[in-house]
There are 2 protein chains.
Amino acid sequence: MVSNAKGRAMPAELNGRVFLPYESHLGIKPLVHREVGRVTRWRRPGESKVLSSIDEAIEKTGLSDGMTISFHHHLRNGDGVLNMVIERIRKKGIKNLRILPSAMFPVHEPIIEAIKDKTVSSIEGSLNGPVGRFASLGNMDEPVILRSHSGRVRAISQGELKIDVAFIAASCCDQLGNCNGLKGKSAFGPLAFGFADAFYAERSVVITDNLVPFPAYPISIPGTNIDYIVKVDSIGDPSGILSGTLKITQRPDHLKIVENTMLVMDSIGLLKDGFSFQAGAGGISLALTKRIGDLFREKGLSASYANGGTTRYLVDMLKNGTLKSLSTGQAFDLSAINSLLNDTNHFEITVDQYSNLHTGATSTEPEQAAFLGATEVDVGFNVNVNTHSDGYLLHGIGGHQDVAYGSQLTFITVPLSRKGNPIIKEKVTTISTPGELVDIVVTEKGLAVNTQHVRDEVRERNEEIEKALLSKDLPVKQMEYLRKLSLKEGKDIEPRFGDELIGLVKYIDGTVLDSIISVRE
Amino acid sequence: MVSNAKGRAMPAELNGRVFLPYESHLGIKPLVHREVGRVTRWRRPGESKVLSSIDEAIEKTGLSDGMTISFHHHLRNGDGVLNMVIERIRKKGIKNLRILPSAMFPVHEPIIEAIKDKTVSSIEGSLNGPVGRFASLGNMDEPVILRSHSGRVRAISQGELKIDVAFIAASCCDQLGNCNGLKGKSAFGPLAFGFADAFYAERSVVITDNLVPFPAYPISIPGTNIDYIVKVDSIGDPSGILSGTLKITQRPDHLKIVENTMLVMDSIGLLKDGFSFQAGAGGISLALTKRIGDLFREKGLSASYANGGTTRYLVDMLKNGTLKSLSTGQAFDLSAINSLLNDTNHFEITVDQYSNLHTGATSTEPEQAAFLGATEVDVGFNVNVNTHSDGYLLHGIGGHQDVAYGSQLTFITVPLSRKGNPIIKEKVTTISTPGELVDIVVTEKGLAVNTQHVRDEVRERNEEIEKALLSKDLPVKQMEYLRKLSLKEGKDIEPRFGDELIGLVKYIDGTVLDSIISVRE
């Protein structure tokens with residue numbers, strides 16, 4: 001075990017694989033200049049790509065023991081494809097697979113059985129809920145490797161993760177494999193999370209419940225990246241595909257956080273023509289987006305750009321002219337899907353375009369502000385979104401690092417406590433996003449600006465911001481003070497850690513930010 | 001020198017490079033499974049991609065003696081970028097460059113001076129007019145290597161052609177390098193021909209006269225594939241960008257060819273709902289497209305798909321519902337550009353998606369019929385589009401092989417003679433597209449079906465077609481008879497060949513179809 005720049009212990013090597021320690025929020029330079037390349041997908045003229053079953057796809061792709069297979073998570077908690085494919089693989093007795101889901105949801109609980117019988121031996125990418133709890137108890141042979149959305153794509157494109165077979169769920173696909181997630185009964189939005197998988201995998205298979213005559217368009221993933229197509233009855237449950245529970249927060253403490261965030265932005269002059277931003281789909285983010293939209297309409301202002309995870313609040317802004325352009329890598333409601341199909345100033349982007357720092361052109365970079373949540377924040381501004389305070393690994397990184405890295409000003413909007421658990425910590429249980437990427441923490445009772453930043457230009461800018469906020473009488477505090485406020489609302493939970501390494505958190509550049517240790521039940 | 005499957009002499013090796021002989025129209029399997037990969041384009045946060053001049057781009061990219069640089073031809077005869085860049089390179093005294101223009105036009109005549117002073121030592125891709133004539137006279141140190149549009153992209157993606165610096169003209173680009181050719185004063189349409197260049201080049205530079213704030217959209221080439229951006233006053237002359245001379249033929253003999261082609265399609269039952277096709281921008285193709293559109297509107301029919309080179313005749317069909325979907329890799333008029341920006345059933349495709357046979361998903365494959373021209377056709381159905389009958393190399397291959405390879409039924413629409421030169425030959429001067437890809441030759445006085453095809457299924461289908469045409473009393477002839485009709489209209493020109501190899505014609509799979517010999521003035 002070695003210690004990284006954040007002082008966290010981590011293995012320098014594990015099962016023959018080398019792990020580099022986290023160095024700096026600026027990221028390390030790519031270790032490779034030329035990435036691993038793409039695959040030539042030739043077939044004899046006249047040969048069909050459309051296969052009769054998942055079993056046939058498993059055979060044709062040569063899927064066998066020890067291979068790496070991948071899935072995207074656009075179908076979210078309605079996804080039927082991961083379970084369906086793993087079930088057929090289990091039936092065939094294939095063992096020791098490494099799976100790379102871009103995220104997992106409670107619906108994927110059946111994967112636990114496939115882990116128990118050694119069909120699946122390791123998970124890299126993201127996991128959540130039941131499978132995370134299972135892993136936390138030390139039930140997996142190998143530690144889970146957690147990556148952010150763009151960290152995963154960087155790893156795939158640089159050969160750190162070699163995919164043998166990618167399974168791409170699509171709600172609309174033609175006989176050549178051109179596909180999208182925008183049309184069909186199971187429409188779920190962009191196919192951003194599957195793009196790199198299809199492009200870099202040795203073999204890629206579209207699983208669709210809507211095989212249409214050529215051309216399927218818009219083309220989110222071109223057939224040039226697809227080997228085989230399997231038609232199934234259903235790729236998922238539409239009611240779980242879209243976050244049906246998207247609800248603007250009504251809680252007074254949360255609304256106070258929104259209020260404080262709006263005051264901060266107003267004080268530093270962000271809320272004017274040309275504003276660009278990103279907000280997520282949590283209750284606070286939704287309320288914030290709606291507030292920005294309402295204010296801009298009222299004042300006749302227009303934002304130049306927003307980056308989704310897209311909900312109807314962003315689409316509303318686009319439609320009423322308070323937002324000029326919108327890019328989406330993930331759709332959270334039907335409104336986002338319809339808008340992608342019809343609004344010419346709303347476009348789909350891949351994860352590479354979204355936030356892969358090794359591309360030199362992330363769509364997060366032009367964002368003047370981004371609003372992110374947290375499970376915990378510590379006095380060093382470090383954020384935990386992976387483990388709960390009891391130590392259980394229950395969430396993936398998602399795009400947290402990606403957005404915090406790219407955007408010019410990163411807000412963490414977070415309540416002081418949740419169910420008696422103080423959210424501001426001395427040290428976060430797990431570092432998911434290093435404090436160097438966080439500029440302002442906003443709670444319901446006070447906010448803190450990161451004026452201890454290691455980079456001069458960031459520190460100086462943040463000092464200016466702090467001054468401006470103080471001059472407007474905003475409740476600017478030190479993180480240590482917020483920690484005290486937080487402690488007034490409850491008592492820190494003591495995790496009952498075991499002694500097993502059950503997960504590693506990678507930074508977007510591929511270095512290791514933190515280790516996750518097992519929990520005793 | 002060896003002889004290929006078409007009996008044409010060719011070098012097996014040249015200047016240390018190995019050349020494979022043409023084997024079959026089905027193409028050889030890719031020699032590589034993993035292609036050459038993509039380039040990681042990292043830059044330090046805050047570092048700008050926007051440079052002050054082409055000179056600075058030459059310096060930053062490390063452009064130096066012996067390198068390979070590429071250009072796309074979407075600006076056509078209005079292109080200012082190729083000449084502008086070569087001029088700056090000349091000024092710097094850099095020598096022996098290999099240039100890969102996806103096509104050249106008369107406007108590029110100044111390149112001849114750069115060849116004379118050894119700035120440019122070889123050309124691979126396509127050339128035309130004055131530069132072709134110059135090469136034909138044996139003025140270049142190395143033979144020109146001609147590739148079709150998709151053959152060029154296949155070669156780039158498989159490492160047969162390694163690009164050191166790609167120069168991408170764009171009419172709209174943001175500070176991250178996201179760009180398109182659809183907006184701005186110099187709008188020219190898709191950026192299809194530049195996509196692979198930007199993706200695979202070691203370094204890529206956008207040259208734009210319209211630098212816009214992020215995001216430039218639609219994103220035809222993402223900034224993830226761009227290193228540098230140079231803003232110039234003008235990338236070209238809009239009047240030359242679009243083929244202003246697009247004119248439907250009025251010549252009675254040409255209209256007779258159109259008439260005969262319509263009769264053929266009607267006889268074999270193609271002209272019905274669901275029809276899919278591709279036609280070019282020549283006078284005969286335009287007339288044919290308009291005839292199809294008129295007929296479909298009159299009869300209330302709708303075609304399912306057309307593939308551009310796109311002109312207003314295809315856009316008209318799309319708008320009036322006689323065409324359901326349209327893909328475009330090249331725009332020939334403003335109507336095509338406006339439609340790409342506004343019609344959701346009209347989408348841009350890259351050359352890879354268009355017709356690269358090593359992708360397993362070409363957009364030409366679903367075409368039931370394609371209509372192509374020819375400079376010469378011979379009794380073996382072989383087509384020449386490169387050299388004139390006097391031996392001069394005056395044209396690139398364009399997409400001729402690509403479309404003939406992909407489409408289900410390839411028509412060659414051609415007059416029996418041009419200016420006293422019989423167009424039907426015993427043997428074409430140069431084989432640009434092998435006869436195995438041609439199904440029906442239509443002239444003003446008769447037509448011929450390729451019933452001698454080497455593949456049983458094609459031969460049998462073509463025999464059925466011939467039968468159907470005869471039963472409708474269409475003027476079905478043998479190619480030898482068309483040759484005689486052709487000869488009645490003039491006398492074959494005898495080229496005055498020299499003894500120098502000045503060019504090689506590659507088939508889409510990378511093998512060599514034919515050699516081009518110098519001409520004595």
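Helix α2 (residues 81–92) of chain B lies across the strands β6 (68–71), β7 (97–101), β8 (120–125), β10 (165–170) and β13 (203–208) of chain B, and runs at about 140° to β10(B). Helices (H or I, at least four residues) and strands (E, at least two) are DSSP runs numbered from the N terminus, while axes are lines fitted to C-alpha atoms, for helices over the stretch in contact, with angles from 0 to 180 degrees between N-to-C directions.

This is a predicted model, in which local features need pLDDT of at least 70 and side-chain atom pairs count only at pLDDT 80 or more, whereas totals for chains, interfaces and linings use all residues. Residues are numbered from 1 along each chain as its sequence is written, and chains are lettered from A and ligands numbered from 1 in the order in which they are written.

### The sheet

An open sheet of 10 strands in chain B has mixed pairing and the order β5-β14-β13-β10-β6-β7-β8-β9-β28-β29. Because β5 (50–51) and β29 (512–519) of chain B stand at the edges with a single partner strand each, one side of each is left without a neighbour in the sheet.

| Strand pair | Sense | Bridges |
|---|---|---|
| β5(B) and β14 (residues 228–231) of chain B | parallel | 2 bridges |
| β7(B) and β8(B) | parallel | 3 bridges |
| β8(B) and β9 (residues 144–146) of chain B | parallel | 2 bridges |

Leu51(B) stands opposite Val230(B) in β14(B). In β8(B), Ile123(B) is the bridge partner of Ile99(B); from β7(B) the chain crosses through helix α3 (residues 111–116) of chain B to β8(B) in a right-handed β-α-β crossover. A crossover is right-handed if, with the strands pointing away from the viewer, the path from the first strand over the helix to the second runs clockwise.

### The two chains

Chain B can be laid on chain A with an RMSD of 0.0 Å by a turn of 180° and a shift of 0.0 Å along the axis, superposed by least squares on the C-alpha atoms of residues with pLDDT of at least 70 in both. That is the relation of a two-fold axis, and in chain B the C-alpha nearest the axis, 1.5 Å from it, is that of Gly37(B).

In contact with 45 residues of chain A are 45 residues of chain B, where contact means that the C-beta atoms, placed from the backbone, lie within 7 Å.

Conventions:
Contact = placed C-beta atoms within 7 Å. Pairing = 2+ DSSP bridges.
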